[in-house]
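Visitor: Can you walk me through this one? I'd like to start with how the chains meet.

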There are 2 protein chains.
Amino acid sequence: MEGFEMKLLHTADWHIGRTLNGYSLLDEQEHAFDQILQIAKDEKVDGIVIAGDIYDRAVPNPEAVTALNEMFRQINLKNQIPIYAISGNHDSAKRLNYGRDWMEFTNFHLNTLLKEAFTPVETDDVQIFMLPFFDPLDARVYYHNQGMSEDEAKKITTIGAAMELVVSDMVKLFDPKKKHLLITHFAVTADGQDDDHLTSETTSKVGGLATLTASQFKDFDYVMLGHIHTRFASPSDTVRYSGSPVKFNIKEARLKNKGKGVDIVTISDSTIKEDYRPLTPKTDLIVLEEDWDTLCDAEFYKQQPVNKDWFAITIKNFDRSEHAQTNIRAELQKRYGTIIELDYQVDSNNSEFTNVTTNISEISPEDTVGQFFKSITGKDLSAPQMSLVENIFNEVEREKK
Amino acid sequence: MEGFEMKLLHTADWHIGRTLNGYSLLDEQEHAFDQILQIAKDEKVDGIVIAGDIYDRAVPNPEAVTALNEMFRQINLKNQIPIYAISGNHDSAKRLNYGRDWMEFTNFHLNTLLKEAFTPVETDDVQIFMLPFFDPLDARVYYHNQGMSEDEAKKITTIGAAMELVVSDMVKLFDPKKKHLLITHFAVTADGQDDDHLTSETTSKVGGLATLTASQFKDFDYVMLGHIHTRFASPSDTVRYSGSPVKFNIKEARLKNKGKGVDIVTISDSTIKEDYRPLTPKTDLIVLEEDWDTLCDAEFYKQQPVNKDWFAITIKNFDRSEHAQTNIRAELQKRYGTIIELDYQVDSNNSEFTNVTTNISEISPEDTVGQFFKSITGKDLSAPQMSLVENIFNEVEREKK
């Protein structure tokens with residue numbers, strides 16, 4: 001493998017079909033996609049890696065299906081760029097599996113079932129293992145089908161134990177003359193990282209979901225992850241999240257480091273490195289926390305991207321009795337345009353936030369928990385907590401299918 | 001086109017994912033599929049035509065998706081037989097469209113949108129037009145996109161009017177040196193057929209659905225239809241229903257001519273003819289209408305395929321008071337095995353049938369209407385009536401998507 005170079009574009013968590021308080025993000029996702037495709041063409045990449053959560057839900061709406069099909073068509077058929085895609089916990093593994101054998105003919109590689117993960121895609125220099133999201137039950141079924149006794153299989157109760165088996169089976173397939181890449185979709189934490197919200201006791205209750213650490217993947221030269229929406233959650237230099245291309249909620253918009261983008265991963269005989277390529281939103285999500293007078297002050301709001309971006313506004317020090325006759329939302333919409341979330345903070349000495357206007361039926365279950373958590377603790381859910389909540393609701397939805 | 005011969009297997013209305021009073025028909029459908037594939041191989045056909053209603057619903061369950069994918073794989077990838085498939089009114093056109101461009105590479109032709117119907121599949125001797133189910137609104141949108149004025153497009157209010165435009169546009173594409181085949185999915189009646197249940201006034205109320213007649217397709221050499229589940233509904237010698245491969249309800253099981261099968265259509269320069277190939281059920285659906293004593297008589301029931309087939313039983317001359325202490329269903333199950341429907345006829349001089357035990361939540365809306373119709377009129381819905389009822393519920397479901 002002397003002198004070879006392979007370039008992959010690493011992205012994940014597209015969540016096609018996602019809505020934000022009832023607003024469709026499809027326009028925004030298509031705008032991000034156009035940039036991703038352009039980067040892939042400019043960089044002349046050897047493939048685009050999509051590390052799971054391609055759709056936002058097990059049964060995406062027809063518009064989401066049409067949009068994703070067109071994105072895949074643009075990448076793989078129109079521009080003849082290989083695709084390496086896996087399903088995440090938000091995708092229905094069985095539904096997304098449909099058609100994969102036909103896609104294979106044009107180097108569109110798609111794995112959604114655990115059993116498919118043990119046939120790496122091979123180039124002269126690289127083995128690419130594609131491991132879709134799975135849970136311990138999937139592993140028990142798989143290993144029992146492989147001849148493991150039922151008693152033995154029943155011992156696979158955590159994702160950590162399952163992953164140990166899976167990785168060791170992959171290592172057996174390693175060609176020592178090649179580099180070994182893994183694409184997968186899990187919450188992976190840095191070794192020794194102390195996360196008191198995710199003790200093994202807690203996580204075992206929800207199927208052992210967040211117990212993976214970077215060292216479990218030490219046999220791979222590089223791991224391209226999906227699941228957590230920010231690249232800053234990457235647990236090591238070689239075990240990396242690309243983050244999602246689009247901001248999906250207020251919390252993501254509020255982060256100091258908002259950077260949404262993709263990685264160009266360059267694999268050569270000597271090194272593997274990633275270069276970050278930022279994506280620009282079409283309609284940004286602006287979070288404002290100000291008092292009523294400031295919000296209504298032309299000097300303030302004329303400096304905002306009004307009537308262009310979307311706003312999530314929290315009115316500070318708000319005394320409702322002073323504004324009993326005012327249609328708060330209408331007044332703000334007149335000045336700002338689209339307001340996708342409107343909160344008010346009753347008392348500045350008190351962290352209690354109350355949501356006045358959002359229709360609960362338009363909020364995802366995850367956001368409902370997040371808002372409840374915030375109203376009780378005054379804090380947002382951390383990235384691992386949010387991921388845990390998402391997993392739980394996803395498990396629930398999976399069980400309904 | 002001298003001396004050519006093309007053989008197509010014509011089937012339709014697979015309705016993968018269908019249930020019958022809560023019982024899955026998937027086993028039965030897979031059994032029928034195995035026979036269809038064997039016939040296709042034995043006959044060395046040049047393609048399998050599936051004329052719509054491939055799935056039973058817009059959002060089939062994951063098992064149905066997996067099963068259909070495997071059937072397609074068997075036909076097209078394992079046995080390299082071309083597929084000519086269209087969506088029917090039960091399918092979601094947008095969902096089923098996913099992946100079609102990749103399938104095209106292996107001669108798996110799949111049309112689900114009206115706009116796709118104007119690119120026939122061409123061989124040296126034959127043009128195959130594949131027209132998926134559509135409604136007048138789809139036609140209005142399509143023709144407006146083609147440059148028709150909005151006022152003009154608004155005049156397309158019936159499927160009859162829409163079909164006239166569609167067929168004339170297809171005729172413009174005719175290569176006079178070739179035979180012209182059409183695959184489509186509609187209720188088509190014989191010319192001059194007097195169906196007082198389906199006057200144009202009635203049908204215009206539900207979007208003009210059943211107003212197509214065989215003569216509208218006279219420009220085609222042969223038309224392969226889906227939609228009505230019996231081949232005996234074929235409106236002319238060259239406009240043919242293949243029927244569904246599996247019995248889907250008691251009414252279909254009650255028909256004298258139960259024949260479920262497929263057609264082998266042989267197209268040559270001089271003639272086009274179809275040969276019927278019957279399919280054998282794995283688990284048949286047996287309809288019994290007898291009095292209680294006969295049903296419990298060993299001499300009677302031992303002649304039935306007990307503990308093998310499924311039974312739909314109507315107890316005649318039934319006096320409930322005589323059997324107040326009897327668990328009717330349990331007694332019959334002991335003797336017959338699986339009973340998917342149990343009715344009783346209260347009084348032999350009265351055609352009133354009352355359903356005693358079926359859980360209404362397990363019955364499809366179509367069957368509910370059918371049973372209500374029968375309880376009022378004493379008659380089953382006719383095939384066109386049933387098709388009309390199915391269309392209405394399907395329209396309702398489509399609008400929910």
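**The interface and beyond**

Guide: Chain A puts 26 residues in contact with 26 residues of chain B, contact meaning heavy atoms within 4.5 Å. This is a predicted model, where local features need pLDDT of at least 70, side-chain atom pairs count only at pLDDT 80 or more, and totals for chains, interfaces and linings use all residues. Residues are numbered from 1 along each chain as its sequence is written, chains are lettered from A and ligands numbered from 1 in the order in which they are written, and side-chain values use heavy atoms, with hydrogens and water left out.

Visitor: How much area is buried between chain A and chain B?

Guide: About 2,500 Å², with 66% of that from carbon and sulfur atoms. Buried area is the accessible area (1.4 Å probe) that two parts lose on being put together, summed over both. On the chain A side, Arg95(A), Tyr98(A) and Trp102(A) lose the most, together 37% of what that side buries.

Visitor: How many salt bridges and polar contacts cross it?

Guide: The rule finds four salt bridges across the interface. A salt bridge is a side-chain nitrogen of Lys or Arg within 4 Å of a carboxyl oxygen of Asp or Glu. Ten residue pairs are in polar contact there, both residues at pLDDT 80 or more. A polar contact is a pair of N or O atoms within 3.5 Å; within protein, one must be able to donate a hydrogen and the other to accept it, and residues adjacent in sequence count only if both atoms are side-chain atoms.

Visitor: Which elements of chain A touch chain B?

Guide: Those giving two or more residues are helix H2 (62–78), helix H3 (93–97) and helix H4 (100–103) of chain A. H2(A) gives the most, with nine residues. Helices (H or I, at least four residues) and strands (E, at least two) are DSSP runs, numbered from the N terminus.

Visitor: How are the two copies related?

Guide: A rotation of 180° with 0.1 Å of shift along its axis superposes chain A on chain B, RMSD 0.1 Å. The copies are thus related as by a two-fold rotation axis.

Visitor: Show me a bridge. Why does the Glu63(B) and Lys94(A) pair join two chains?

Guide: Their side chains meet in a salt bridge, 3.1 Å from N to O. Glu63(B) lies in helix H2 of chain B and Lys94(A) in helix H3 of chain A, so the pair joins two chains. Glu63(B) is partly exposed at 36% relative accessibility, and Lys94(A) is partly exposed at 39%. Buried means under 20% relative accessible area, exposed over 50%, partly exposed in between (1.4 Å probe, protein chains only).

Visitor: What about Asn97(B), buried or exposed?

Guide: Buried, at 12% relative accessible area. Asn97(B) is in helix H3 of chain B. Beyond four places in sequence, Asn97(B) touches Asn69(A), Thr112(B), Leu113(B) and Glu116(B).

Visitor: New topic. Where is Asp309(B)?

Guide: In the loop between helix H11 (298–301) and strand S17 (310–316) of chain B. Asp309(B) is buried, at 6% relative accessibility. A polar contact of 2.8 Å joins the side chains of Asp309(B) and Lys308(B).

Terms used: Copies are superposed by least squares on the C-alpha atoms of residues with pLDDT of at least 70 in both.
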